[in-house]
Amino acid sequence: MCGRFAASRPAEELVEIFGVEKWEPEETLDQDWNVAPTKQVHAVLERPVKDAETPRPVRQLRTLRWGLVPSWSKTPEGAARMINARSETLHEKPSFKRAFRSRRCILPADGYYEWVTGAAERDLEVEGKKKRPRKQPYFVTPADGSVFAMAGLYEFWRDPTLPPEHPNAWWTTCSVITTEAETGPLGVAPAEGPGTLAEIHPRMPLMLTEDRWDAWLDPETTGLDELRALLAPPPEGLMRAYPVATAVSNVRNNGPELLAELSGPEVGTLF
């Protein structure tokens, strides 16, 4: 799954990386090393610009709320539960299938966090001696330092309790698409710990390699077979994972120190 990620690249860099044509500098976000559900996030998407002379899709950098609210939802209360969308069922789930056809985006990140329960902690949990075991966070990121382009969906939701002219009348929300975690060796594995992403967690965000960006963002890509082909996992061995401080487990903590690599797990033996 993806329940937390880091996004520290400035908007100007994202504009260059993704070939963005339109963005509003005053609306861009500050660096965030601990992005949690319901926060605002940067998204790259393509759609026509309102009142433009030609209605062609324009690549834009937008600010969305993480936690998708379907257009037909009566309230936004379920947004925090819809931060992820499973790649295997996108085409059939009522909450995602329309967005999958025409409202796809890329959510740029440095990487994502995932938590592993230590072996000793698991034993205590099994014995009933510890109800909430401590978990060791890992940071998963492209081994070559490139941007982690997470496949996403976005949706528009109209708040019926507000008048149309109210600045908060419309919400634009998103979900991260997840897929089965890789079982092949990591591109760079920690000296002590997991050798594959599947050993950390059975799910992972779907990373789009650069050769898929254009087709994924193009709203005219609508064929179900073509779209499902874009959901194929990237080649194995592109990622690295390393342990980070448990401070990241508290959403109030934020800063580049959260990405600092530890020499070993804080929680003890994990594997």
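**Pocket and rings**

Mentor: Start with the lining of the largest pocket: strand S2 (22-23), strand S4 (40-48), strand S5 (57-66) and strand S11 (170-180) each supply at least two residues to it. Strands are DSSP runs of E with at least two residues, helices are runs of H or I with at least four, and both are numbered from the N terminus. This is a predicted model, where local features need pLDDT of at least 70, side-chain atom pairs count only at pLDDT 80 or more, and totals for chains, interfaces and linings use all residues. Residues are numbered from 1 along each chain as its sequence is written, and side-chain values use heavy atoms, with hydrogens and water left out.

Trainee: Which strand gives the most to that lining?

Mentor: S5, with 6 residues.

Trainee: And which residues lie nearest the pocket's centre?

Mentor: Arg62, Thr63, Phe156, Trp170 and Thr172, out of 25 lining residues. A pocket here is an open set of points on a 1 Å grid over the protein atoms alone, where a 1.4 Å probe fits, with protein on both sides within 12 Å along at least five of seven lines; lining residues have an atom within 4 Å of a point.

Trainee: OK, rings now. How many aromatic pairs are there?

Mentor: The whole structure has 9. Rings of Phe, Tyr and Trp (its six-membered ring) pair if their centres lie within 6.5 Å; planes under 30 degrees apart are stacked, over 60 edge-to-face, and the rest tilted. Phe100 and Trp216 make a tilted pair, 6.4 Å centre to centre with 45° between the planes.

Trainee: What does that pair tie together?

Mentor: Phe100 is in helix H2 (residues 97-102) and Trp216 in helix H4 (residues 213-217), so the pair ties together parts 116 residues apart in sequence.

Trainee: Are those two buried or exposed?

Mentor: Both Phe100 and Trp216 are buried. Buried means under 20% relative accessible area, exposed over 50%, and partly exposed in between (1.4 Å probe, protein chains only).

Trainee: What about Phe139 and Tyr242?

Mentor: They form an edge-to-face pair, 5.9 Å centre to centre and 65° between the planes. Phe139 lies in strand S9 (residues 135-142) and Tyr242 in strand S13 (residues 239-243), so this pair ties together parts 103 residues apart in sequence. Phe139 is buried at 2% relative accessibility, and Tyr242 is buried at 7%.

Trainee: Which residues are in the cluster with them?

Mentor: Ring pairs link Tyr113, Trp115, Phe139 and Tyr242 into a cluster.
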